[in-house]
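Please open the model in the viewer and keep the sequence at hand.

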Amino acid sequence: MAGTHYNRDLVVANILFGANFSFYVSLTGGGMDFRLVFLCQILVGAVVFVPAAAVTRAFYHITARDAAVMAGVSLLIVYGWLYMLLWGASLTSPIDASTIATLGPAFTLITAIAVRHRRVMWADVGGIVLAIAGGAVLIFDRGEVLIRGSEGYGNLIVLGAVIATAVNTVLIKPQLARLGVRAVLGWCYLFGTLAALPLILRYATPDDREFYIEQMEQFYASPYVSHPIPHDAVVRNFDEAMRPDAFLEIFILEYEGKRVGFANVTKSYSTEVGGKVIQLEDIYMMPGYRNKGLGREYLKYLEQRFGGLVK
């Protein structure tokens with residue numbers, strides 16, 4: 001009877017996962033920045049699950065080992081699963097991403113066998129081989145060489161997310177059995193929020209107007225540029241970025257919830273490459289917040305979002 005309940009729960013979980021995944025893929029496919037979807041996932045999860053866990057006794061009875069395991073698992077969930085899944089889904093087709101996401105059970109079996117939580121069975125081996133073969137077909141269907149930003153590259157990233165969640169499923173099992181689902185989810189989202197919030201890159205909003213103008217003028221008054229630009233030009237830049245069809249995008253860099261810099265990107269069409277290109281115009285961070293990896297993360301984001309368009 002217990003086995004029937006377990007299988008029923010798995011069926012319900014997979015249905016809910018499919019609905020959840022399709023929803024997020026539709027958001028990224030509709031042009032929404034996957035990093036914004038990622039941050040919304042983490043914050044909403046924390047708002048929902050941390051208070052629900054805080055009313056349980058188990059939430060306050062974790063050991064140092066429990067905390068270490070859940071902190072590691074949280075990184076797997078936040079960056080290995082959620083971030084990579086949305087990143088990959090933004091590059092590939094919803095059908096490919098959804099298909100690869102269903103390979104999770106195969107990699108869960110591999111992980112369980114590797115850590116000796118399960119003995120090897122021939123049926124498991126056969127299922128694993130078929131799953132890996134199916135994933136390989138989707139990843140390399142356009143050729144053996146993966147091009148950064150291609151659908152195959154996106155499929156490979158989704159596969160990495162699937163492997164991360166498989167490892168997480170096996171590692172967290174002892175804590176789930178002893179503390180319960182609510183307590184573990186609460187701690188994982190708490191750790192996940194702490195891991196995701198230190199660095200935030202977002203689009204500028206009307207509320208950033210004064211900050212942007214002040215920082216832009218400070219940047220152009222610094223020795224890093226040859227001459228200042230008129231105040232009216234800075235104001236026009238911000239107004240342009242607020243238009244829905246703007247040629248300029250302004251990003252605000254935040255560190256631990258504080259605005260610490262900005263970056264400008266312009267978009268155009270190049271006859272030399274026969275397509276759209278973006279140009280990295282300016283990037284500036286306030287003194288005291290340099291050499292913290294903000295610039296590196298910003299460039300990584302641009303590469304992930306625009307791929308070969310970056311010039």
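The structure shown is a predicted model. Begin by selecting Tyr60, which counts as exposed because its relative accessibility is 55%, and exposed means over 50%.

Keep both residues selected and turn to their rings. A pair of aromatic rings is described by the distance of the centres and the angle of the planes. With rings pairing if their centres lie within 6.5 Å, the count of aromatic pairs comes to twelve. In the pair of Phe59 and Tyr60, the centres are 5.2 Å apart and the planes stand at 85°, so this pair is edge-to-face.

Next, select Tyr212, Phe219, Tyr220, Phe238, Phe262 and Tyr284, which together form one aromatic cluster.

Which residues of α11 are buried? They are Ala233, Val234, Val235, Phe238 and Ala241.

The largest nonpolar core comes next, with 31 residues. Select Tyr212, Ile250, Phe251, Leu253, Phe262, Tyr298 and Leu302, the members that touch the most others in this core. At least two residues of the core come from each of α10, α11, β2, β3 (258-270), β4 (275-285) and α12 (294-306). The largest share, six residues, is supplied by α10.

Finally, move to another core, which lies apart from the largest one and has 25 residues. Select Ile42, Ala97, Leu103 and Ile157, which are among its members.

Conventions:
Residues numbered from 1 in each chain as written. Predicted model: local features only at pLDDT ≥ 70, side-chain atom pairs only at ≥ 80, totals over all residues. Heavy atoms only, no water. Phe/Tyr/Trp six-rings, centres within 6.5 Å; stacked < 30°, edge-to-face > 60°. Buried < 20%, exposed > 50% of the residue type's maximum accessible area, 1.4 Å probe, protein only. Helix = DSSP H or I, 4+ residues; strand = E, 2+ residues; numbered from the N terminus. Core = buried A, V, L, I, M, F, W, Y, C linked by side-chain atoms within 4.5 Å.
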